[in-house]
Number of protein chains: 4
Amino acid sequence: MSMNSFGHLFRVTTWGESHGPALGATVDGCPPGVPVDESMLQHWLDKRRPGQNKNMTQRNEPDAVKILSGVFEGQTTGTSIQLMIENTDQRSKDYGDISETFRPGHADITYWQKYGIRDYRGGGRSSARETAARVAAGGIAREAIKALAPGVAIKGYMTAMGALDIDRSKFDWDAVDQNQFWIPQGPDIAQEWEDYLQTIRKEHNSVGAIVEVVARGVPAGLGAPVYGKLDTDLSAAMMSINAVKGVEIGEGMNAARLMGTDNADEITMGSDGPEYSSNHAGGILGGISTGQDLVVRFAVKPTSSILSPRKSIRKDGTPIEVVTKGRHDPCVGIRAVPVGEAMMACVILDHLLLHRGQVGENRGKIG
Amino acid sequence: MSMNSFGHLFRVTTWGESHGPALGATVDGCPPGVPVDESMLQHWLDKRRPGQNKNMTQRNEPDAVKILSGVFEGQTTGTSIQLMIENTDQRSKDYGDISETFRPGHADITYWQKYGIRDYRGGGRSSARETAARVAAGGIAREAIKALAPGVAIKGYMTAMGALDIDRSKFDWDAVDQNQFWIPQGPDIAQEWEDYLQTIRKEHNSVGAIVEVVARGVPAGLGAPVYGKLDTDLSAAMMSINAVKGVEIGEGMNAARLMGTDNADEITMGSDGPEYSSNHAGGILGGISTGQDLVVRFAVKPTSSILSPRKSIRKDGTPIEVVTKGRHDPCVGIRAVPVGEAMMACVILDHLLLHRGQVGENRGKIG
Amino acid sequence: MSMNSFGHLFRVTTWGESHGPALGATVDGCPPGVPVDESMLQHWLDKRRPGQNKNMTQRNEPDAVKILSGVFEGQTTGTSIQLMIENTDQRSKDYGDISETFRPGHADITYWQKYGIRDYRGGGRSSARETAARVAAGGIAREAIKALAPGVAIKGYMTAMGALDIDRSKFDWDAVDQNQFWIPQGPDIAQEWEDYLQTIRKEHNSVGAIVEVVARGVPAGLGAPVYGKLDTDLSAAMMSINAVKGVEIGEGMNAARLMGTDNADEITMGSDGPEYSSNHAGGILGGISTGQDLVVRFAVKPTSSILSPRKSIRKDGTPIEVVTKGRHDPCVGIRAVPVGEAMMACVILDHLLLHRGQVGENRGKIG
Amino acid sequence: MSMNSFGHLFRVTTWGESHGPALGATVDGCPPGVPVDESMLQHWLDKRRPGQNKNMTQRNEPDAVKILSGVFEGQTTGTSIQLMIENTDQRSKDYGDISETFRPGHADITYWQKYGIRDYRGGGRSSARETAARVAAGGIAREAIKALAPGVAIKGYMTAMGALDIDRSKFDWDAVDQNQFWIPQGPDIAQEWEDYLQTIRKEHNSVGAIVEVVARGVPAGLGAPVYGKLDTDLSAAMMSINAVKGVEIGEGMNAARLMGTDNADEITMGSDGPEYSSNHAGGILGGISTGQDLVVRFAVKPTSSILSPRKSIRKDGTPIEVVTKGRHDPCVGIRAVPVGEAMMACVILDHLLLHRGQVGENRGKIG
């Protein structure tokens, strides 16, 4: 049991603090023979990297990942892979004044109450910087998935930010990588989102968001009842991301509003197997994948670090007004997109491996 | 690793099918010296028991739990506890006609695709009947919590069913046990809910629901970053319940709509420690409890077993219209309430034990 | 994490006390489609069953196993299997006088010191009766191994008992099932062993033994460095058996006495793959199987329950002379043989499943 | 589940290969507030370090450990600790000629058969160099034990090497650190051991050894039946060390030779609690510590890398005579001593934490 690990067979353990010398992930259980190099992982880290535009924190980290073990001559060896990212832009002085103070909405107070000691610099272990290690591990998972289930495609995007929602009638899968918000919408809408966010930022405020992650081409049969369900593992994976307060599969919370007649995804026989009239289930029935798109959504709360003063207390119990300076994202949901993708990749790989281990070739045929 | 287990130190493994001879739970890691007897557990099982009124399935199961191990002379011994519930009212013939058919919205098709064999009687392992074992295990957890953290109170209730929502201005904690829907509302509102549900039932339909589970009196400091977070474990626990499609902590999905200035739970110093101006966080910051109420919500989809015909296929791929006879709940959300409570109890006990193991007496003091 | 469980993918959790209503095992991770029925498991339980001859305790237990879940129409379904054995011959009165006393060599004192409560009847959870559940689970493992790796044959036998050793020059694999000691020797030697043990028994004494378990036909490549090594898991499995004080792989403790030139198992190329000049390694190199025979040995201490008085104390610290009446084996090593076989079967199945999950088809070819 | 991890609550995951850029350990579950710095860990690493005298490999590694996370201002924070040791003296060319060859007694062949790819340089992941990471983690464990159970003292020493045994009548606990063999004997005997080993080395041979590790002052009550027994975990921990072929607790394999009357450790009441007439049990009854000395022994096979030619095959199946050049220990048992100590420390800390988590203050009193 490890509190810093997730996954069953593909098991990722992360380590490191926001302002320590480095952070990283120990990745265990990756099959051997998967082609991996640092540039493949860097691609995904660059997507999450801070400082790329004014919608992000201006902290300037190259987030260069080094592979220290488990890869030999460009291939995984089946042994534990160590991924390390060194911290370079650590302005600890930005954080010195919070050593005795609890920032509202942050884990400062709970880490102190739990442990009696905390690395307060930039939130220490509770910083979202930890998610860089997840993205690196997710890069490994993506390469391994290519080898095991080549048809899988994973994509994350924002569907809401504060008062804004995407227009699903204009949904454009290919547009996601074309804008700074990872929204599946054209440039006009992206501009509206930017204007909206900059207004919030200038008001010394922040805003929440909803991220949706979809996996296409996932084979039927992944997931293991009743506590290793695919949706159980996905919800834990997403909820473990900093600032996430809700997770939905398929219809999500809205399922509460539906009648049974509406919610049924009716089944017909297609040329390649079962087909469904709809996907309220989000691709999962009884914890096991149906072969439809896996659809997961999660809500990210607004960044707690804002320039507007908020009431709090010091360690000694005296009152203080906290204004969080430093370099912060006005909407952490944006950078949560590649993190959600990475978690999706890790969970899918894990269940591909589990399925191979526990089930083998006797899967039920239909038709 | 076990796919039928959850929990770290307090670990519950369930077994059994809907129409097998029995089902139950192996409960490992309960501290010794906790007073437990069968009647204590039966109290909670009776709350979940089918056949109690016309809002429920008319299957008539006594759900009598037997303790087969781990309890001696009325106290837990610290060794593994076996809880067994025998199935008595197994009308398997109700299910014979589904052996070759996949009911829409059920796990029939995915179990078949995964395993190539399934106990089709009543859904077999995928039946919500499995949750009886969780409720029994939750009863153990409740007694152990009393010994370790006497102030904890756990209560679940419905907050929405289809088009209906509770009126939070009339919230009545004590009314929850006074009506068949476990709603925190007076008898007039309960009557409206009943009329609404009976209409749906008579229309051969079903409806979804939202369940909220609150734990009061949970000490600060429970939860273990970054993948054993209290909210991570709670969301996995709730998502593992049959038919659940979404899980929220505190503000939940609505956090996406808030500004940072609104979402901040401001902190002041009270006579007993820190106090918060609000509880958007649902009692958890950075995965660790703040000492505020823990607030978890989950959405239950409408019962898939309905008398209205729905299109599906047989194993051989031929089309069929499925009308699910048998005895089914028109809103499974009702009986999910005691299950949600049980999962909350298990997770809290688990983290109380973890906290004792890993942290000890050096918790940070405030003030 | 569960203290009553072992295995990674094939995970067995046992429960039950010597004199409770029943004991059993929850078996998780068995692949679907394995033909299993109660009589298959009973075969192995009968081998371990007490009361069969005068070399065993005269407790008379049918040890009839019931399958309560996870098997449907004669095949495993891939879901958790519950195996239950009811206790029938519980003469608790034999044990009433030990409720306040600690028997030397037993866990009475340590359970009390750890838990502050113990089911003293027949040792409660610490009784070797728990191993009946392992044997039942091992029966499942054997059937699954047949499906996955048909060539595997597992056999256990005694190699020493007190002053006696088997004569390896007369080793007879087929004779093992022909005598009461499970020794690979002819009837004359078996008679000598019986005379020796009866003398010890009549002297109100007991004696230790060495058990060797061999698995033939295990494919190369099982085992997972560096803490899930095949030998690591085997040693843990054997050491967890009651009364075991030492475990050896291949050359075992004697490896300390060898020179490197002697210990090398030289490799040549045979028609079916690599062949070895010897098997000092016991079939394992670097934690991974070589394809040679797996050879594990373990030492079982003499039964602590003897009729000869031994000094001890009561709970209140006062001295007492303990004479353990009741019905006890003069050499528990005999009945440890089927237990050792069961543990070997469980570990091999577990690693067959792991290997499938983590490695797949890209195993290295030789020649 | 992770194949590169051990421990329940104190969980160590190692990574790295013999000739990669670095190796290390991710240490999870260390309590907060434990004073730790790099020099404390370096002390133990120096004890294991190669190149210190002619009884060791002449590879010259500083084995300097860096703490990359989990320690802040000299204290552990309760979050995951990353320990990294960079490899500096990597003469990979020594190993180039083994890329196509399987060295007898090494894991070359099994890694190849399992994975189809291996980092052949110095054995890659299968190299005993991995144990440096264990020793570093063990250093953390030692400091945490000081905080939780200050009276514990752990010491390892050799008791046999080839034909030599220590003379237990001259046992000298304090002499262990005074000689190059970590033997509890005076300088004369140490000189005999050196002469013996140098003769073997000059004959291009190697030799096995027995290491005993003792922990004094361990409180009664550690260990968790029935698969998390203290002896089960200790045997797995020791068996996971490279080249170990047997593990004994207390009387060990010799228990097979004893009568029940001899093996009983009789109990009397002393001023500080129960006292025992002997320690055949090695400090463990029923998997739980008695408060006596914990005594574990393990056998290390002779170094497989020797200058004497041995028959083997190449990947293509052709025969070859292997002479292993490079820089190798003539008796790897010597450097296994600090590794055994480290594993003992990790297991004891783990069970101290478990005991706190699962049992609390209701331990049984005696007298």
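Predicted model: local features only at pLDDT ≥ 70, side-chain atom pairs only at ≥ 80, totals over all residues.
A residue counts as buried here when its relative accessible area is under 20%. A:R48 sits in helix α1 of chain A, the run covering residues 38-48. Sequence neighbours within four places aside, A:R48 is in contact with A:D63, A:A128, A:R129, A:T131, A:A132, A:V135, A:R335, A:P338 and A:V339.

A:R48 also turns up in the UniProt record, where an unreviewed entry lists it together with A:K54 under "binding site". The other listed residue, A:K54, is placed in the loop between α1 and β4, the latter being residues 65-69 of chain A.

The largest nonpolar core takes in 363 residues. Those with the most contacts inside this core are A:M158, B:M158, C:M158, D:M158 and D:M161. As for D:M161, what it touches beyond four places in sequence includes C:A256 from chain C.

On to the cysteines: a search of the whole structure comes back with 0 disulfides over all chains. Take A:C346, which is buried at 2% relative accessible area. The closest cysteine sulfur to that of A:C346 belongs to A:C30 and is 10 Å away, so the pair is too far apart for a bond, given that a disulfide needs the sulfur atoms within 2.5 Å. In chain B, B:C30 is in no disulfide either, and its nearest cysteine sulfur, that of B:C346, is 10 Å off. B:C30 is likewise buried, with 2% relative accessibility.

Finally, C:S206 belongs to the loop between α4 (187-202) and β10 (209-216) of chain C. Its relative accessible area is 1%, so C:S206 counts as buried. A polar atom of the C:S206 side chain lies 2.7 Å from the backbone oxygen of C:T303. Apart from neighbours within four places in sequence, C:S206 is in contact with C:I200, C:P302, C:T303, C:I306 and C:P330 in chain C, and with D:L258, D:M259 and D:G260 in chain D.

Technical notes. Residues numbered from 1 in each chain as written. Chains lettered and ligands numbered in written order. Heavy atoms only, no water. UniProt positions renumbered as here; feature names shortened; annotations may be inferred. Helix = DSSP H or I, 4+ residues; strand = E, 2+ residues; numbered from the N terminus. Contact = heavy atoms within 4.5 Å. Core = buried A, V, L, I, M, F, W, Y, C linked by side-chain atoms within 4.5 Å. Buried < 20%, exposed > 50% of the residue type's maximum accessible area, 1.4 Å probe, protein only. Polar contact = N/O pair within 3.5 Å; in protein donor to acceptor, adjacent residues only side chain to side chain.
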